[in-house]
Amino acid sequence: MTRKQRRIVLLSAAAVVLALAATLVLTALEDSIVFFYSPTDIEEKHVAPGQRIRIGGLVEDGSLVRGDGLSITFRVTDLDRAIPVSYTGAVPDLFREGQGVVAEGVLDGAGSFTADTILAKHDENYMPREVADALKERGVWNPQ
Amino acid sequence: MITEIGHFALLLALALAVIQSTLPLVGAARGDPALMRTAIPAARGQLVFIAAAFAALTYAYVTSDFSVENVFENSHSAKPMLYKVAGVWGNHEGSMLLWVLILALFGAAVATFGANLAETLRARVLAVQGMIGVAFLLFIIATSNPFVRLDPAPADGSDLNPLLQDPGLAFHPPFLYLGYVGFSMAFAFAVAALIEGRVDAAWARWVRPWTLAAWMFLTVGIALGSWWAYYELGWGGWWFWDPVENASFMPWLAGTALIHSALVVERRDALKVWTILLAIIAFSLSLVGTFLVRSGVLTSVHAFAVDPARGVFILAILAVFVGGALVLYAWRAPALRSGGLFAPVSREGALVVNNLLLTVACAAVFIGTLYPLLLEALTGAKISVGAPFFDMTFAPIMVPLLFVMPFGPFLAWKRGDLVGTAQRLLLALAIAVFGTIAARAAAGADGPLLAPLGIGLGLWLVAGAVCEILWRARAFTAPAGETLRRLSSMPRAGWGAMLAHAGIGIVVLGITGVTAWKSEKVVQMQPGEAEDIAGFTVTFAGVAPRRGPNYSETVAGFEIHRAGEVIDAFESSKRLYDVQRMTTTEAGIITFYWGDLYVAIGDESDEGLTVRLWFNPLVPLIWFGAITMALGGLLSLSDRRLRIGAPRRARPAAPADAGAPA
């Protein structure tokens, strides 16, 4: 096999692998992306219920209610609008009223959110960046 | 006073770095040996001064000098000494100082041990190292100075983030940086080679050991981080595809491709263009990782909350070095003459496949990590790309690579015998198939249907690696004496490669075990209650308070029974740290031969204490496999043939020797 033939074989093999990988990546991107919304975004952008999304904000003071077993309900607020959230399971150490929270799950048709994951994604100031950004947009950001 | 000395030392190091990046380059272009040799004292001097600065900062931490702002923000007098020292690099400014220290260390190593490199090459390599040093020293002095003083000095500090007060995490950054920054060597060599217009076997013989060392440290660093996340974060997971984890994994993938590609350059003078590109990519990914973690564009418990000014600076550094290197590559790479021809089925061919698949896998991780940032910058939409994406893309790319991996070492250079190789691997295949069937039988109906194939894949890798050593020693075809003789005279690099490849197999076994057959229970328990999991019965004994050096704890004790007998006990606790008022959960873990029993407590309510129980089969194999890989790298490094950097004793020329055999 000459140098040129070898180069062609190599490049074709590489192209095939790349094409397969690109297909995989694009399919995966479509299927597994999860959008983040603040409570105000959900109302203003008319987010359709049933799709998997993340919501974030502050846990509204006084809204945390413990139900049977490990189920809890609370409200997530961006100091403008709030959404009721229900969740069953263990919560991260940093989950507390008045602190930032990001929850992943499904919006139901009645305007409340059923979360299956509560994320401990805080930076060293215990505030998720998306939540801080959302609060900044609302003009109610108060770093403390 | 010492702090000011440290600060001044940094400025001197910057001055030396400027000299190191300019004079040798001019010297190499002009062929002026004196100018070229200025690089050596410059590089050594830079190391001395940065080491002095690092020592000054460490002194400030150890003596709890809270007039230094960095110490105030990250330390406390009651903190244990280990974490006072680890606190030096547990924050942004200090860790950048560690970064440049390791950069200077590698530069001084080339300066000191590179006597048998071509003068111009060494000068150019040190110049590029110097340029990187200038960029980062400027970054530190301008935006991230650890020596800023506070006036008046506070009485005590703010303590280090409790999550970082942990032995695993104390050692994680140094190992990680030895890896990341070690790739700067390969980068410097690649850029120097592009400037020279020549890549040859001598170049590869120099690049490979240093890249292998960097790769080895990075492997340990990533394993430490994963192990820490497992036992500290209290969620039983060991890898979350968190952007910061990916930031360390991508250079590892590129680095693995690089060490294999450099092998082809060394032995066969081929694949030069690809090797240079991989060297540039590996370090570029290290820089991208640095940017991601420190710029504030990411949300992660791992990310430093830094201001955007720093992010812009790092982005500029990225643009200059990566952009510059790639432009140089596009311009000069065609001038590199390529060497030996090889058939598609050959060791070179296998290494090409290896390169291709690793690079593509790295690209997939890259896209998954950066796509959210890109989309947010373009459209403002905030998305997250999590484990499902990576499972869908990374795994299907890696599995074919893992399958062909055992074939590679058997194939000869230039033209390999695929049928013969397959025959030699039949034993490994038999072990793999047997293991798959055994796993299916043992698991019964638990777990995904394809999970036993993961066990088979892991066994295939381990057995394949061992088979290769056995074949080289003519194990079943020659008398035992000869086999033993061959085994004992096998070069260490051969054993090293076997361990490294087997190590991956062990990791695959661990990943399969914990992913497919993990059991989890989240319950509320009162003292005296018991819960069954994976054949064990765990009884909650009760809760008691306890006091630590800088925290107070609530400790929950548990007893473990199996078949009616008490076999062990462990505890999980919640700690409240005095200064930062932050709560962490400490998990209890007992490692049995075949898996980990893991407990973590949650909140207390009227109905009892929330208790999370896991049984993670085979999970210790993940880190055991990583250590095996690193050991393989270490073994290979100790091979005499690779010790090209060691000084050679000059041999006196003797005319009588001319006719004697070498």
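## B:Ala123 and its surroundings

B:Ala123 is located in helix α7 of chain B, which covers residues 119-143. Helices here are DSSP runs of H or I with at least four residues, strands are runs of E with at least two, and both are numbered from the N terminus. B:Ala123 counts as buried because 28 C-beta neighbours lie inside 10 Å. The term buried requires 20 or more other C-beta atoms within 10 Å of the residue's own, whereas exposed means 12 or fewer and partly exposed is in between, with C-beta atoms placed from the backbone.

Apart from neighbours within four places in sequence, B:Ala123 is in contact with B:Pro24, B:Gly27, B:Ala28, B:Met36 and B:Ala39. Two residues are in contact if their C-beta atoms, placed from the backbone, lie within 7 Å. The C-alpha atom of B:Ala123 is separated by 22 Å from that of B:Ala282, a residue 159 positions away along the chain.

## Basis of the model

The model is predicted: local features need pLDDT of at least 70, side-chain atom pairs count only at pLDDT 80 or more, and totals for chains, interfaces and linings use all residues. Residues are numbered from 1 along each chain as its sequence is written, while chains are lettered from A and ligands numbered from 1 in the order in which they are written.

## The two chains

Chain B contains 20 helices and ten strands. Its radius of gyration is 27 Å, close to the 26 Å given by the globule rule for 662 residues, so chain B is as compact as a globular protein of that length. The radius is taken over C-alpha atoms, and the rule is 2.2 Å times the number of residues to the power 0.38. The C-alpha trace of chain B spans about 90 × 75 × 55 Å along its principal axes. Of the 662 residues in chain B, 52% are buried. Among contacts in chain B with a separation of 6 or more, 74% involve residues 24 or more positions apart.

Chain A has three helices and seven strands, arranged from the N terminus as α-β-α-β-β-β-β-β-β-α. Buried residues form 33% of the 144 residues in chain A. Residues 24 or more positions apart supply 51% of the contacts in chain A with a separation of 6 or more.

Two packed helices are described by the angle between their axes and the distance between the axes. Axes are lines fitted to C-alpha atoms, for helices over the stretch in contact, and angles run from 0 to 180 degrees between N-to-C directions. Angles under 35 degrees count as roughly parallel, over 145 as roughly antiparallel, 65 to 115 as roughly perpendicular and the rest as oblique. Helix α8 (residues 167-196) of chain B packs against helix α11 (residues 272-294) of chain B at about 140°, with the axes 8 Å apart. α8(B) and α11(B) are therefore oblique to each other. Residues of this contact include B:Phe183 and B:Phe187 of α8(B), together with B:Ala282 and B:Phe283 of α11(B). By class, the contact of α8(B) with α11(B) has 13 nonpolar, three polar and no charged residues. Ala, Val, Leu, Ile, Met, Phe, Trp, Tyr, Cys and Pro count as nonpolar, Asp, Glu, Lys and Arg as charged, and the others, Gly among them, as polar.

α11(B) also packs with helix α12 (residues 308-332) of chain B, at an angle of about 170° and with the axes 9 Å apart. α11(B) is therefore roughly antiparallel to α12(B). Among the residues that meet are B:Leu287 and B:Arg294 in α11(B), and B:Arg310 and B:Phe321 in α12(B). The contact of α11(B) with α12(B) divides into 15 nonpolar, three polar and two charged residues.

## Backbone features in loops

The peptide bond from B:Asp151 to B:Pro152 is cis, with omega near 5°. B:Pro152 belongs to the loop between α7 and α8 of chain B.

B:Leu271, in the loop between α10 and α11 of chain B, has a positive phi of about 60° although it is not a glycine. B:Leu271 is buried, with 26 other C-beta atoms within 10 Å. B:Ala534, also not a glycine, has a positive phi near 50°. B:Ala534 lies in the loop between β3 (530-533) and β4 (536-547) of chain B, and is buried with 20 other C-beta atoms within 10 Å.
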